[in-house]
Amino acid sequence: MTTISALPPSQDIAGLDPLRLESLRAREAQRFVAARPRCKKALDKGAAPWLNGVPMHWMRDWPSPFPLVVKQAEGARLTDLDGHTLDDFCLGDTGSMFGHAPKPVARAIRRQAKRGLTYMLPSRAALRAGKLLRETFGPFVWQMTLSATDANRNALRVARAVTGRRKVLVFNGCYHGTLEDTMVALEDGHTVPRPGLVGQGFDLTLGAVCVEFNDLAGVEAALAQGDVAAILTEPVMTNSCMVLPQDGFLDGQRRLADAHGALLILDETHTQSSGLGGYTRVHGLKPDIFVIGKCVAGGMPTALWGMTDEVAQRFRAYDAARPPGHSGMGTTLAGNPMQFACLEATLSEVATPEAFAHMEAGAARLARGLTQVIDTAGLPWHVVRVGARVEFICAPGPLRNGTEAAAAHQPAVESAVHLGLLNRGCLIAPFHNMMLVSPVTTDGQIDTLVSAFADVVAELKDPSRD
């Protein structure tokens, strides 16, 4: 057993003994390092040109001692440089929700590569994709961009343009990409800039107001000020410990937005796991602007924002009176033909009703298995599922808002469990214990994950296994 020193008194953490928790974490870290000498060597050799040794800073956010270096990813499996094949339930944090390199998307990439990568003009695939977007997500008027951050940014610009108002209403604990407008939090009932934002250049509270998720009274009070252009929300809070909407909350947002002259923007970047057409289609929601990204083009960097006909007409009138020049929307590579080739392939051949049915059934199987392990161990945890997305949360539930979600977050427990699963051949997301079931994930992979989870929990609960 690893000797632990300088730890706090033995007060349990999420129902676990802290000494046993740290002992497991130390053992799993040693096991990870010993099993991956090639990954470590490659990182050491290639680190110098990159800030903190990685091309993107969040590649350091994994709870392992160092990140995996990927050799290949296919279907729902990933292989690292040391030859370890992992059942992948992270799937690029939803970017590869339909599996890595779906065959129709790979074929579309090969075909389009022969025709050119970008030319700032529409292709036939682009025109066909528009019809598919409407059939899948609803009768919106669409625009294309590279990321959901950009899509949200553009959606807010439109909302401000057509309403003549400045503020966006967001929910405490939300995340809508790196959009600066939404980087606020709620403290003692007041909207404040979110701590940690790099290079903050202006007072974010001048353009945003923050309330708690599931608090319709708070929404109404904020809208009553008359300066809110739009509510920007996910149907389910997913960038914290997952919070489901209470009955009537989403319909209440629609009613209040109408009553106070604000628009309702639904960001479905993550909640497209809910089923074909996302949470909006599955639950019959009526947003003014709809945002989609991540896996919508099978892993090719792509996002879209769509407006209702009414909002599009209002924006066209605004745009016609706008002086010519820079709009602040659009980038050179957005709407490139490779995006449209992959978007068309994904919507027509990959994101099918049959695929979502498989994902739904597999995720239900996973949620049942994890719940049984938690109940058998007597832990005060719970499991939440939204379609193909499953999370175990190391606190009692259900959670109601961002404040409760932040309090439920248990980094020490989550990192130890994550690393234990990784060493047992299962990769989950480094954030919020998120797991996705893809159309190519098998029941065997799901059962392996449940078994690995049970083994890690047993080590955390049983002193004889220290």
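This is a predicted model: local features need pLDDT of at least 70, side-chain atom pairs count only at pLDDT 80 or more; totals for chains, interfaces and linings use all residues.
Let me begin with strand β12, residues 303–307, which is mostly covered: five of its five residues are buried. Strands here, like helices, are DSSP runs numbered from the N terminus, with at least two residues in state E for a strand and at least four in H or I for a helix. Buried denotes under 20% relative accessible area, exposed over 50%, and partly exposed the range in between, with a 1.4 Å probe and protein chains only.

Residues are numbered from 1 along each chain as its sequence is written, and side-chain values use heavy atoms, with hydrogens and water left out.

Returning to β12, both of its faces are covered. Ala303, Trp305 and Met307 lie on one side, Leu304 and Gly306 on the other, and all are buried.

Which strands pair with β12? Strand β4, residues 141–145, runs antiparallel to β12 and is joined to it by five bridges. Strand β11, residues 289–292, also pairs with β12 in the antiparallel sense, over four bridges. Pairing requires that DSSP find at least two bridges between two strands. Gly306 of β12 is the bridge partner of Trp142, and Gly306 is likewise the bridge partner of Phe290.

I turn now to another element, an open sheet of four strands in the order β1-β2-β3-β15, with mixed pairing. Strands β1 (70–74) and β15 (426–427) stand at the edges with a single partner strand each, so one side of each is left without a neighbour in the sheet. Within this sheet, β2 (residues 77–80) and β3 (residues 85–88) run antiparallel and are joined by three bridges. Arg77 stands opposite Asp87 in β3.

Finally, the chain as a whole. The chain has 14 helices and 16 strands, and 54% of its 466 residues count as buried. Why does the radius of gyration agree with a compact globule? For 466 residues such a globule would have a value near 23 Å, and the chain has 23 Å. That radius is taken over C-alpha atoms, and the globule rule is 2.2 Å times the number of residues to the power 0.38. The C-alpha trace spans about 75 × 55 × 45 Å along its principal axes. Among contacts (heavy atoms within 4.5 Å) between residues at least 6 apart in sequence, 72% join residues at least 24 apart.
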